[in-house]
Amino acid sequence: MSNFEDFKISTDVKRAVLEMGFTEPTPIQEKAIGPILAGTDLIGQAQTGTGKTAAFGIPLVEKVSKRPGPEAIILTPTRELAIQVSVELQKLSRYKGLNVLAVYGGEPIYHQIRALKKGVHIVVGTPGRVLDHLNRKTLRTDRIHTAILDEADEMLDMGFIEDIESILKRLPSRRQSLLFSATIPAPIKKLAHNYLNNPQTISVSNGDVTAETVDQVFYRTFEQDKFDTLCQIIENEDIRLGIIFCRTKKGVSHLTEALKKRGYRAEELHGDLVQSQRSRVMQLFRTSRIDFLVATDIAARGIDVAHVSHVINYDIPEDPERYVHRIGRTGRAGNKGIALTLVTPKDMRFLQSIESKINLSLTAEPLNNEYADLEQSVNDLKKAMAKKHKPDQAYSDSASHLLNEFNSQELVEALLEKLVKSKNDGVPSEYHFGETGGQNGMVRFFLNVGRNIDLHPKKMLEQLSLLAGIPEQMVGRIDIFEKFSFFEVPEEVAPFVYEALRSGGLDGKNIHLEPAKPQKSKTS
Ligand SMILES: Nc1ncnc2c1ncn2[C@@H]1O[C@H](COP(=O)(O)OP(=O)(O)OP(=O)(O)O)[C@@H](O)[C@H]1O
Ligand SMILES: [Mg+2]
């Protein structure tokens, strides 16, 4: 089947579908619409951005009557998603003339009560506010024949499960229940069977967990270099609209502030904002009046904004499912998208679990380091100029001499080039190390060894044991990357290694060491 004409749906609904620009059903729509029309309970799984909303929305608006309702309830994990889904259902039912209402927290409840009283056919809501209405008896349930959990795995997970259970318990038991998500882990699927009646599972992922329209790469960086790395990425990439994800609300605020200071059009979205701010930011982003939405995982699920060209994980998600949903905000409805993830040494294990979840190994994108070095050299030079230095006659004479001989523009260019080259000559000018938690009594060190350093793990091992006076076999694992390396040693010898690195450096040559900033633990 490759045509909406082939479904048993009324012309009112068909007309709306065509007006929305949908000419052929997507695979999940092709497979799910028939069974839903037939009344089957269903678990529907398909990649991000492949039209799951219309897959349940089309048969739903077909089945809901114009009699006083409500006849259907859809639950979503965030307010933004409730609004978005209600808008899509309103569009689908435009010619049928149904009323769809979004009910969510952070908005005066009276407006919603008034709207519910006036008559609503389909309710889309977040669990907290829906429960509130049920408790106040402002939302009647006796005519509800369909319940849908969008982002079902999230809804049946820790944060929501209790609310969902109490809502479902109050709905008529003779009802059709539908669960949709891009990810449905096995334990959640098992749990889902408690709420469904003899469900059919429809899965269209042809082996890929993430949408194949999204190009995924990662960048190696350090905690303290993340912002510079991000700015370099933004400068290098051609970003139409970008969503930047951070782990915490604070992180989102700080990053937004920093980006704004640099002149980027960015706004923050997280749960500490009042609803009017949240709606305003979403509106600015949807209408391209800002270029970057900096968000917590609040924006990870379901959000559909046209022309999002890039998703950037400023903080890597610790949970592989979150990664799948976050990057799914781009590459939607057949469009291309790019997903970039910043990875620090301590993030490597999260990257590995993501890779095994999505059955893909991501490629590391090298940063354009020469330009980064150039920028740094220019900054170094500016700093030097800002310092009042005593005039040294010999330097002054040489400078006048050179200026007489060469054009000043060319002279500065040559000096800069020399400065950048010297940064990369042989031994790096700066070593940097810090400790992050190792495992099983091991302490992990990481070293920023700069670029272009020829450091074989074996050589590093020899030097380490020589320096710290510890046997080679005491060193756990050594990983050497382009720009940094890390290794683990038993807790008891860690202080010796620390001292040895501080006082000596790996090959004893002109090495400057700095302890890394302590890593603060973050909470959301
Ligand atoms: N048949 C279709 N033809 C063209 N575009 C479609 C079709 N169905 C849906 N779309 C569009 O595809 C986009 C993604 O749809 P939707 O938001 O329903 O995806 P989803 O599968 O729910 O993704 P997620 O897992 O991220 O929630 C929307 O902009 C929607 O309008
Ligand atoms: Mg969706």
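Predicted model: local features only at pLDDT ≥ 70, side-chain atom pairs only at ≥ 80, totals over all residues.
Trainee: Why is H12 called a helix, and what does its span say?

Mentor: Helices are DSSP runs of H or I with at least four residues, strands are runs of E with at least two, and both are numbered from the N terminus. H12 has twelve residues, 275-286. The expected span is 1.5 Å times one less than the number of residues. That gives 16 Å for H12, and its end C-alpha atoms are 16 Å apart, so the two agree.

Trainee: Which residues of H12 are buried, and how do you know where they sit around the helix?

Mentor: Arg278, Val281, Met282 and Phe285 are the buried ones. Looking down the axis of H12, they fall within an arc of 100 degrees, so they line one face. The arc is taken over the directions from the helix axis to the C-beta atoms.

Trainee: What covers those buried residues of H12?

Mentor: The cover includes helix H4 (79-92), strand E10 (266-269) and strand E11 (292-295). Just after H12, serine 288 takes a positive phi of about 60 degrees.

Trainee: How do you know that the span of H11 agrees with its length?

Mentor: H11 has 13 residues, 249-261, which should span 18 Å at 1.5 Å a residue; the end C-alpha atoms are 18 Å apart, so it checks out. Val252, Leu255, Thr256 and Leu259 are buried in H11. Seen down its axis, the buried residues of H11 fall within an arc of 105 degrees, so they line one face too. They pack against strand E9 (242-245), E10 and E11. After H11 comes glycine 263, with a positive phi near 95 degrees.

Trainee: Where does ligand 1 lie, and what makes you say that?

Mentor: Domain 1 (4-203) and domain 2 (214-364) both give residues to its shell, so ligand 1 lies between them. The bounds come from an automatic or database domain assignment. The shell has 18 residues, the closest being Phe22, Gly51, Lys52, Thr53 and Ala333; to be near, a residue needs its C-beta atom, placed from the backbone, within 6 Å of the molecule. Helix H3 (residues 52-63) gives the largest share, three residues.

Trainee: How many shell residues around ligand 1 are nonpolar, polar and charged, and why those labels?

Mentor: Six are nonpolar, nine polar and three charged. Ala, Val, Leu, Ile, Met, Phe, Trp, Tyr, Cys and Pro count as nonpolar, Asp, Glu, Lys and Arg as charged, and the others, Gly among them, as polar.

Trainee: What makes domain 1 and domain 2 touch?

Mentor: Their C-alpha centres lie 28 Å apart. The contact takes 17 residues from domain 1 and 17 residues from domain 2; two residues are in contact if their C-beta atoms, placed from the backbone, lie within 7 Å. H4 gives the most to domain 1's side, with four residues.

How values were computed:
Residues numbered from 1 in each chain as written. Chains lettered and ligands numbered in written order. Buried ≥ 20, exposed ≤ 12 C-beta atoms within 10 Å, placed from the backbone.
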